[in-house]
Amino acid sequence: MNKPKKILYIQHSNVGSGSAASLLYLLQGLDRKKFTPILSVVSPNDFIIDYYRNKGFEVLPCKGITLWNQTTATNTSLFLPKNWITLIRVIAMWKSGKRQLLKLINEIKPDLVHLNSVVLSSSASALKEANVPFVWHVREQPPKELLGIRNAILKKLMLSCPNELIFISNAGRQAWLGNKRGKVIYNFVDLFDFDRKIDQKKSRENLNLPPDAPIILYLGGLRKIKGILSLLKSLKMIKQKIPNVRCLMPDCIY
C-alpha cells in the first residue's frame, strides 16, 4: 500500500476569515488514506489554534515567515508615506522569512506545500529556489496602485514560481494574469452544516426581528478592506425606501 502524501498547508490569517474557513473545508475533504495534512500558522493565536483543533486538526505555529500584507483592496502607492514602512519591513524580513520557511520544510519534508494567500509571496520565492513543489492559492484581487510596481512583482512570481496556481474566481484570474495561467476553483461550503428545517418564525423572535422585515445578511468583518463602508452607505439608502429592513452581521466580532 502506498504511503500517504504529506501536504504542508501554510495559513497566513489568524482570524475567522474566509480563507480560514475555506482551508478548513479543504482539509476536511481530503482523503486521509492518500494524504496527510500538516497545518502551519504564520501568526498563531488562541483563536486560530482552537478553530482548527476543535475540528481535529493540530496547528504547528511558525513565526517569522514574511507576509506582504495590505496587498489588495487598498491604495498601495509609494507616493503615500504610510506605505513606506510596510515596504521597508517586507524588504528587511524577506530573506529571513525565506530561511524560516525552508527550516520548516526541512523539518517536515512535505511532498507538497499549499500557500493559502497571495501575501505569502516571500514563501513562494523561497519554495521555487529550493525546488519544492507547491500550490499557490490566490484569494485576493490586485491592489490599486499608481505605478504598478507591487503588482508587477507579484505577477512575475505567480507566472514563474508555483507548480499550480489557483484563483477563487475568474474575475480574480483575469485581473491578475488574464489567460496566461492558473485554474479557477470557487470557494465552497458544507451545506450539511446548515439546518434547512429551521423555524424561521422562531428564529426571528429569538433575534428580536419583526416578522415582516426584509433581512440582509452580511458575513464579512468590520475591516475597511471587507467593504463595510460601502455596505453602510447602501444600507442608509435602502433604509430610506424600506424603513423596516434589518441587517444581520454575525461575523462582525473582529
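This is a predicted model: local features need pLDDT of at least 70, side-chain atom pairs count only at pLDDT 80 or more; totals for chains, interfaces and linings use all residues.
Now the chain as a whole. It has eight helices and nine strands. Of its 254 residues, 39% count as buried. The C-alpha trace spans about 60 × 55 × 35 Å along its principal axes. If you take the contacts with a separation of 6 or more, 62% of them are between residues 24 or more positions apart.

Next, helix H5, residues 149–160. Does its length fit a helix, or what would we expect? At 1.5 Å a residue, twelve residues should span 16 Å, and the end C-alpha atoms of H5 are 17 Å apart, which agrees. Its buried residues are Arg 150, Asn 151, Leu 154, Leu 157 and Met 158. They cover an arc of only 130° around the axis, so they sit on the same side of H5. Note that the list includes an arginine, Arg 150, and an asparagine, Asn 151.

H5 has a partner in helix H6, residues 170–177. The two axes come within 10 Å and cross at roughly 110°. An angle from 65 to 115 degrees counts as roughly perpendicular, and H5 and H6 are therefore roughly perpendicular to each other. Which residues in H5 meet H6? From H5 they are Asn 151, Leu 154, Lys 155, Met 158 and Leu 159, and from H6 they are Ala 175, Trp 176 and Leu 177. By type, the contact of H5 with H6 divides into six nonpolar residues, one polar and one charged.

Pro 142 is in the loop between strand S5 (134–138) and H5. Is Pro 142 buried or exposed? Its relative accessibility is 17%, and the limit for buried is under 20%, so Pro 142 counts as buried.

On to helix H8, residues 228–241. The 14 residues should span 20 Å at 1.5 Å a residue, and the end C-alpha atoms are 20 Å apart, which agrees. Buried in H8 are Ile 228, Leu 231 and Leu 235. Seen down the axis, these fall within an arc of 50°, so they line one face of the helix. What do they pack against? The partners are strand S8 (215–217) and strand S9 (246–248). The other side of H8 has exposed residues: Lys 233, Lys 236, Met 237, Gln 240 and Lys 241.

Last, two backbone points. Most residues other than glycine have a negative phi. Lys 109 has a positive phi of about 55° although it is not a glycine. Lys 109 lies in the loop between helix H3 (82–108) and strand S4 (112–115), and at 59% relative accessibility it counts as exposed.

The second one is Asn 208, where phi is near 60°, again a positive value in a residue other than glycine. Asn 208 is in the loop between helix H7 (200–206) and S8. With a relative accessible area of 68%, Asn 208 is exposed.

Conventions. Residues are numbered from 1 along each chain as its sequence is written. Side-chain values use heavy atoms; hydrogens and water are left out. Helices (H or I, at least four residues) and strands (E, at least two) are DSSP runs, numbered from the N terminus. The expected span of a helix is 1.5 Å times one less than its number of residues. Buried means under 20% relative accessible area, exposed over 50%, partly exposed in between (1.4 Å probe, protein chains only). The arc is that of the directions from the helix axis to the C-beta atoms. Axes are lines fitted to C-alpha atoms, for helices over the stretch in contact, and angles run from 0 to 180 degrees between N-to-C directions. Angles under 35 degrees count as roughly parallel, over 145 as roughly antiparallel, 65 to 115 as roughly perpendicular and the rest as oblique. Contact means heavy atoms within 4.5 Å. Ala, Val, Leu, Ile, Met, Phe, Trp, Tyr, Cys and Pro count as nonpolar, Asp, Glu, Lys and Arg as charged, and the others, Gly among them, as polar.
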